[in-house]
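Colleague: Please pick one part of this model and take me through it closely. Then say how some other contacts are built.

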Amino acid sequence: MATAEQESDSAYAELLDRERRISNVENAGMTLYWDQQTKMPEGGTPARAKQLSALQSISHELLTDERTGELLDELEGEDLDDEQAAVVREVRRKYDRAVSVPSDLVEKISETTSEAQPAWQQAKAEDEFETFAPYLERLRELHIERTEHIAPDEDPYEVMFEDGEPYLPLERVDEIFDELRVGLVPLIEGIEENGADIASDAFAGTFDPADQEALCRDALDLLNYDWDRGRLDIAPHPFMSGTQFDARVTTRFHEDEFVDPIFSTVHEFGHATYQLGLRDDAYGTPLGQSRSSGIHESQSRFWENHVGRTEAFWEFFLSTVAEHFPEFEDVTAEDAYEAANQVFTDNLIRVEADELTYHMHIILRSEIEQEFVAGDLDVDDIPARWNELMDEYLGVVPDTDSEGCLQDIHWTSGFASFQNYTVGSVFAAQLWATIEEELDDPMELIREGEFAPIRDWLTENIHEQGQKYTTDELIEEATGEPLTAEYFLDYVTEKYGEIYELN
């Protein structure tokens, strides 16, 4: 007769096996999504929508199966070690949310998402918001219906936010946004009114996309990207997709824009580094999965801004730039640094924005989608509302919806995720401050192209932890204190004060 301990071990092993199966189904869907964004023929959408919908339904059925609930109940109150308890906590959370959502609704959301993506691409290409609007409205209806099944007494937008960031209250994020408004707006205004002239045209010109791609590939080489577990492709909106065994990055190129593809590539490299740093032996379980969207963005924003936008990085990288673009062989590291950190409020595109105005883009999107989800903003009024807030926050109004409310793909897959870009930036600054204390001169490491110690620190303190800790616990474990906007505001105030000679 099995002892209670043996039964507990057996239940835990069965739960892990079930979770691995669910994860593999989800990862297969992720690969199909990558293909849809990069390689799939334009006519493949109807079949791909059905394929993704079927996989989503299978994953949902596995997770919500009665046996999953029985295993979780068996393990409730058992004497589990910390990692086992974390696995049970995370599966329980997913199960409790998923079991309340009907399978047919899951299929509808997945299928509508797949159909919405090519509609968004067409709408953006043709500058016709009305092409995308019906899908956007339908997605709102479906996602609100989903939240009503999960938590009928909670604000739908908060329930949506918890999908990507389950352990960081939206109220705390709103407080951080308020702190950023107070700190960033006067800094941006000071740069506009009193900032010194900087070398903003150091990389002016037109550029062959093939040459840009070759440079980005070299940048990934220098950062030690693992090509055996990754690849670089082109996508309308850059993203990373993958696991610890296969983390693929994408980027995009503009003939008249030099630094944007570099930073886009480095940003996605940060995401890939997180994935590749997850524990191989924990693949398919919460211990081998990233903590949350906000923590993921902290890694991409860390590599993009605290590494890629430093003068030390350009001292290291300029020789490689000159190999591909000899016209820049006389550009100095100081000039490159200033060009890479130019603040320009007239920029319309979020992913091309500087470190300061970027967060005004995020605040704008968050306000619009909260109004939209709450029913206070009709879908047809989104373009006008977008332009109104662009004028209010950044003093510029887009000429087209393609440069305005159609520029991001995110609304094709849901709402309440933009906040995590700012959460990630704030946490990245907090991580950098900790790394400065714990590593010997990390800026010199960047200058010498010695990125391994920085990556290893992040892997040990963030990546390998998987979902062992909740978001707030992980932040405290890594930095010794809760999430705070203080480090980010200190960092940008000092950095841009020096660049623009405001100090």
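Modeller: First, the accessibility terms. Buried means a relative accessible area under 20%, exposed means over 50%, and partly exposed lies in between, with a 1.4 Å probe and protein chains only. The model is predicted, so local features need pLDDT of at least 70 and side-chain atom pairs count only at pLDDT 80 or more, while totals for chains, interfaces and linings use all residues. Residues are numbered from 1 along each chain as its sequence is written, and side-chain values use heavy atoms, with hydrogens and water left out.

I pick the sheet. Helices (H or I, at least four residues) and strands (E, at least two) are DSSP runs, numbered from the N terminus. Two strands pair if DSSP finds at least two bridges between them. The sheet is open, has 3 strands in the order β1-β3-β2, and its pairing is mixed. β1 and β2 are the edge strands, each pairing on one side only. From one strand to the next, the twist averages 20°. For angles, axes are lines fitted to C-alpha atoms, for helices over the stretch in contact; angles run from 0 to 180 degrees between N-to-C directions.

Now strand by strand. β1 covers residues 232–234 and pairs with β3 in the parallel sense, over 3 bridges. Leu232 has Val249 of β3 as its bridge partner. β2 covers residues 240–243 and runs antiparallel to β3, joined by 4 bridges. A hairpin of 2 residues connects β2 to β3. Thr243 is bridged to Asp246 in β3. Gly242 stands opposite Ala247, and Ser241 faces Arg248 across the pair.

Helix α10 (residues 259–277) packs on this sheet, where it touches β2 and β3, and its direction makes about 165° with that of β3. Contact here means heavy atoms within 4.5 Å.

How enclosed are the strands? In β3 (residues 246–251), 5 of the 6 residues are buried, so the strand is largely enclosed by the rest of the structure. In a regular strand, side chains alternate between the two faces of the sheet. β2 is covered on both faces: Met240 and Gly242 lie on one side, Ser241 and Thr243 on the other, and all are buried.

Next, a helix pair. Two packed helices are described by the angle between their axes and the distance between the axes. For α14 (residues 358–373) and α15 (residues 382–394), the axes come within 10 Å and cross at roughly 145°. The crossing of α14 past α15 is right-handed. A crossing is left-handed if the near helix is turned anticlockwise from the far one by less than a right angle, and right-handed if clockwise. From α14, the contact includes Met360, Ile363, Leu364 and Phe372; from α15, it includes Ile382, Trp386, Leu389 and Tyr393. By class, that contact has 11 nonpolar, 1 polar and 4 charged residues. Ala, Val, Leu, Ile, Met, Phe, Trp, Tyr, Cys and Pro count as nonpolar, Asp, Glu, Lys and Arg as charged, and the others, Gly among them, as polar.

Last, the salt bridges. Side chains of opposite charge can pair when their charged atoms come close. A salt bridge is a side-chain nitrogen of Lys or Arg within 4 Å of a carboxyl oxygen of Asp or Glu. The count by this rule is 37. One of them joins Glu315 to Arg447, with the closest N and O atoms 2.8 Å apart. Glu315 lies in α12 (residues 311–324) and Arg447 in α17 (residues 442–447), so the pair ties together parts that are 132 residues apart in sequence. Glu315 is partly exposed at 38% relative accessibility, and Arg447 is partly exposed at 28%.

Asp281 is bridged to Arg279, N to O 3.1 Å at the closest. Asp281 counts as exposed, at 61%, whereas Arg279 is partly exposed, at 22%. Arg172 meets Glu179 at 3.5 Å, N to O. Both ends are partly exposed: Arg172 at 22% and Glu179 at 32%. Glu14, Arg67, Glu70 and Glu74 form a linked network of salt bridges.
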